[in-house]
Amino acid sequence: RILFESGTANETPGAPGHRYEATAVSFPPPEVEARRWWFGAEGSLNSECPTEEGSDRYEDDVDAGDVRYAQTEVFDAFIEPTVPVEWSYFADENTAAYETTLSEALVVAGQGHVDLWLRAGTTDVAVQATLTEVRPDGNEVRVQCGWHRIVHGAEDPERSDELRVDYTFAPEDRRELVPGEWYRARIPFMPVAHVFRKGSRLRVTISTPGRDMPLWNFENPVTAGATHEVGRGGTRGSALVLPVWPEGADHPEDHPAEDALRGQPARPARPIRNF
């Protein structure tokens, strides 16, 4: 059973209980397909890799690792209908973001990743990828996050495939980055099941880890003023890769209340401003 939109089942926003569900013989469902959206100019996501190479840069956010959005120190508070939330924004210079408007509903179920080309600005870089839905009402809803420290360069072939990504994390597979050199790494998302409604914008944001998790903090390898470049197009085409479930789930056409989803805060969306 795959339960969707937890927190929207009754008149109390955020109370336990799902709005609708789907069934499958496994998770991810066997019908899931890997679908790519390529990073493009002006913060776009594209169905094909742009032929022209380019890049966008972002700066280390030295404070992000200490910032979380749940304003509680007690994990058990999450059994209550609502938890005080302050989902902070990254400054424009601290992110590279990309989005596309969906012409039809999109159901994702499983694990995905960002296939990232990164030009490192320091010898050690940790990267966060945050997946959000920007709804037609102007609210941005958090969907899922993923992280990777680029010094770990070798994937575990027994635990990785076209969607799932895991690394060996073995000392002999650790590499020191050379500032100014390009590196390819797949940034794995945690498992997720979500319906992006028709007319919403599918957005992915690259940044320093932090801000987008309820309770986790990160000891990031950051340097004030350090910048990194995200490749797009040509031979360094970065892409968002998601587990799309064509069979999907029968779902209501309307969006749930933005303040009801458990573990998925919402905030007014800001326009993408890449550098």
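Predicted model: local features only at pLDDT ≥ 70, side-chain atom pairs only at ≥ 80, totals over all residues.
E5 lies in the loop between β1, residues 2-4, and β2; strands here are DSSP runs of E of at least two residues, and helices are runs of H or I of at least four, numbered from the N terminus. Residues are numbered from 1 along each chain as its sequence is written, and side-chain values use heavy atoms, with hydrogens and water left out.

Let me return to E5. Its phi is near 55°, a positive value in a residue other than glycine. Most residues other than glycine have a negative phi, and most peptide bonds are trans. Is E5 buried or exposed? E5 is buried, at a relative accessible area of 10%; buried means under 20%, exposed over 50%, and partly exposed in between, with a 1.4 Å probe and protein chains only.

A second residue of this kind is R211, which is not a glycine but has a positive phi of about 70°. R211 belongs to the loop between β13 (201-207) and β14 (227-232). R211 also counts as buried, with 12% relative accessibility.

I turn now to a peptide bond. From F27 to P28 the bond is cis, with omega near 0°. P28 sits in the loop between β2 (20-22) and β3 (33-40).

Next, the pockets. A pocket is an open set of points on a 1 Å grid over the protein atoms alone, where a 1.4 Å probe fits, with protein on both sides within 12 Å along at least five of seven lines; lining residues have an atom within 4 Å of a point. Volume is the space filled by probe spheres set on the points, which are joined across faces, edges and corners.

The largest pocket has a volume of about 780 Å³. Its lining comprises 36 residues, and L261, R262, G263, Q264 and P265 lie nearest its centre. The elements giving two or more residues to this lining are β1, β12 (192-196) and β16 (266-268). Which element gives the most to the lining of the largest pocket? That is β12, with 4 residues.

The second largest pocket holds about 150 Å³ of space. F27 and P28, the two residues of the cis bond, are among the residues that line the second largest pocket, including also D161, E162, L163 and R164.
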